[in-house]
Amino acid sequence: MPGIWTKEQTEAWKPIVDAVHEKGGIFFCQLWHAGRVSDYQPNVEPPVSCTDKPIKNDFYIDGSGGANFSPPRRLTVEEIFQVVNDFRNAAKNAIEAGFDGVEIHGANGYLLDQFMKDQVNDRTDEYGGSQEKRCRFPLEVVKAVAEEIGAHKAGVRLSPFADYNDCKDSNPDALGVYLAESLNKYGILYCHVIEPRMITQFEKNDTKNSVLPMREAFKGTFIVAGGYTRDDGNEIIASGGADLVAFGRLFLANPDLPNRFQLNALLNKYDRRTFYTSDPVLGYTDYPFLEADK
């Protein structure tokens, strides 16, 4: 995902990337593999993962409930090598399409996250067991992508504290710091981490966990995400807790979010019912700009 493994897909991305660049934007392509979260399999084949354990909590990513995920099958070591190469190839295609870089999605309970978390990964080979072995595959992906396109064009998204898609770890603090320290070896551009308060996918929760140890361990640009507002985003930047803050839901509903933040203007309210739908307009391009921008 997002569909950039063929020549035809790469060519189709080019005018989209050009349009973003024409507006002065910087555009990174987020690369990910759903693993056992996939429910769109050719020939009704099982999805792949580090395990054959199915997802227990059934829900759609928009929180509506009702998804029914098929039991996965374990990737063989040879297949893991192929997936690493798939990420490498997708990164190469992204740069060919004109993207400024790529973000490797190692969060949200998708394939790379499944390998990292000890409550999912039950392998007994070189890709399971200890923390180092569980992180081996994701770090091999990072290494391959960095070698292919340059570490200065690669970032990684992580969610060590989250339990999205039934993907949890027994010691997320240690996992997060280990990953942050390990990523330094490859000199990547940034590490993008979901705040511990976003244990569930949609609401903030009280927690004693903190991303600060990861911030201190990682030597590149550190990005945080997870229910931020203008005020607490400014606060964490001012305190040195992060270099950048990522916004998702607020940006969906406010296409001119930076301008609204600068003016401290009122924000459009987002409609969660329109998240992650196949409609090309509703919830994606129909939120209004500020009147002064029209």
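Is Asp-113 buried or exposed? Asp-113 is buried, with a relative accessible area of 1%. Keep in mind that you are looking at a predicted model. The chain in it is divided into two parts, domain 1 (7-246) and domain 2 (247-293).

**Domains**

- Domain 1 covers residues 7-246, and domain 2 covers residues 247-293.
- If you take the centres of domain 1 and domain 2 over their C-alpha atoms, 24 Å separate them.

**Asp-113 and its partner**

- You will find Asp-113 in helix α3.
- The side chain of Asp-113 meets the side chain of Lys-117 in a salt bridge, with 3.2 Å from N to O.
- Lys-117 counts as buried because its relative accessibility is 0%, and buried means under 20%.
- Asp-113 is buried too, at 1%.
- Not counting residues up to four places away in sequence, Asp-113 touches Gly-106, Ala-107, Asn-108, Ser-159 and Cys-167.

**Other salt bridges**

- How many salt bridges does a search of the whole structure find? The search finds 18.
- One of them joins the side chains of Arg-74 and Asp-52, at 3.6 Å from N to O. Arg-74 lies in strand β3 (residues 73-74) and Asp-52 in the loop between β2 (48-49) and β3, so this pair ties together parts that are 22 residues apart in sequence.
- Arg-74 counts as partly exposed at 33% relative accessibility, and Asp-52 counts as partly exposed at 41%.
- Another salt bridge joins the side chains of Asp-243 and Arg-215, at 2.7 Å from N to O. This pair links distant parts of the chain, 28 residues apart: Asp-243 sits in the loop between α8 (230-239) and β8 (244-246), and Arg-215 sits in helix α7 (residues 212-217).
- The two ends of that pair fall into separate classes: Asp-243 is partly exposed at 34% relative accessibility, whereas Arg-215 is buried at 18%.
- Salt bridges can also form a network, and here one links Lys-7, Glu-11, Lys-14 and Glu-96.

**Asn-254, a residue in a loop**

- Where is Asn-254 found? Look in the loop between α9 (249-253) and α10 (257-263).
- Asn-254 counts as buried, because its relative accessibility is 0%.
- A polar atom of the Asn-254 side chain lies 2.9 Å from the backbone oxygen of Leu-250.
- Leaving aside neighbours within four places in sequence, Asn-254 is in contact with Arg-260, Leu-267 and Asn-268.

**Lys-56, another residue in a loop**

- Lys-56 belongs to the loop between β2 and β3.
- With a relative accessibility of 73%, Lys-56 counts as exposed.
- Lys-56 and Phe-69 are 13 residues apart along the chain, and their C-alpha atoms are separated by 8.6 Å.

**The cavity**

- Searching the whole structure turns up one cavity of 30 Å³ or more.
- The largest cavity holds about 50 Å³ of space.
- Which residues line the largest cavity? They are Ile-104, Gly-106, Leu-112, Met-116, Pro-138, Leu-139, Val-142, Val-156, Leu-158, Leu-179 and Leu-183.
- The elements that give two or more residues to this lining are β4 (101-106), α3 (111-116), α5 (136-149), β5 (154-158) and α6 (172-183).
- Among these elements, α5 gives the most to the lining, with three residues.
- You have met two of these names already: Gly-106 lines the largest cavity and is also touched by Asp-113, while helix α3 is where Asp-113 is found.

**The second largest pocket**

- The second largest pocket contains about 520 Å³ of space. It is lined by 22 residues, and the closest to its centre are Met-1, Trp-5, Trp-32, His-33 and Asp-86.
- Which helix supplies the largest share of the lining of the second largest pocket? That is helix α2 (residues 77-97), with seven residues.

Note on methods. Residues are numbered from 1 along each chain as its sequence is written. This is a predicted model: local features need pLDDT of at least 70, side-chain atom pairs count only at pLDDT 80 or more; totals for chains, interfaces and linings use all residues. Side-chain values use heavy atoms; hydrogens and water are left out. Domain bounds come from an automatic or database domain assignment. A salt bridge is a side-chain nitrogen of Lys or Arg within 4 Å of a carboxyl oxygen of Asp or Glu. Helices (H or I, at least four residues) and strands (E, at least two) are DSSP runs, numbered from the N terminus. Buried means under 20% relative accessible area, exposed over 50%, partly exposed in between (1.4 Å probe, protein chains only). A polar contact is a pair of N or O atoms within 3.5 Å; within protein, one must be able to donate a hydrogen and the other to accept it, and residues adjacent in sequence count only if both atoms are side-chain atoms. Contact means heavy atoms within 4.5 Å. On a 1 Å grid over the protein atoms alone, a cavity is a set of points where a 1.4 Å probe fits but cannot get out, and a pocket is an open set with protein on both sides within 12 Å along at least five of seven lines; lining residues have an atom within 4 Å of a point. Grid points are joined across faces, edges and corners, and a volume is the space filled by probe spheres set on the points.
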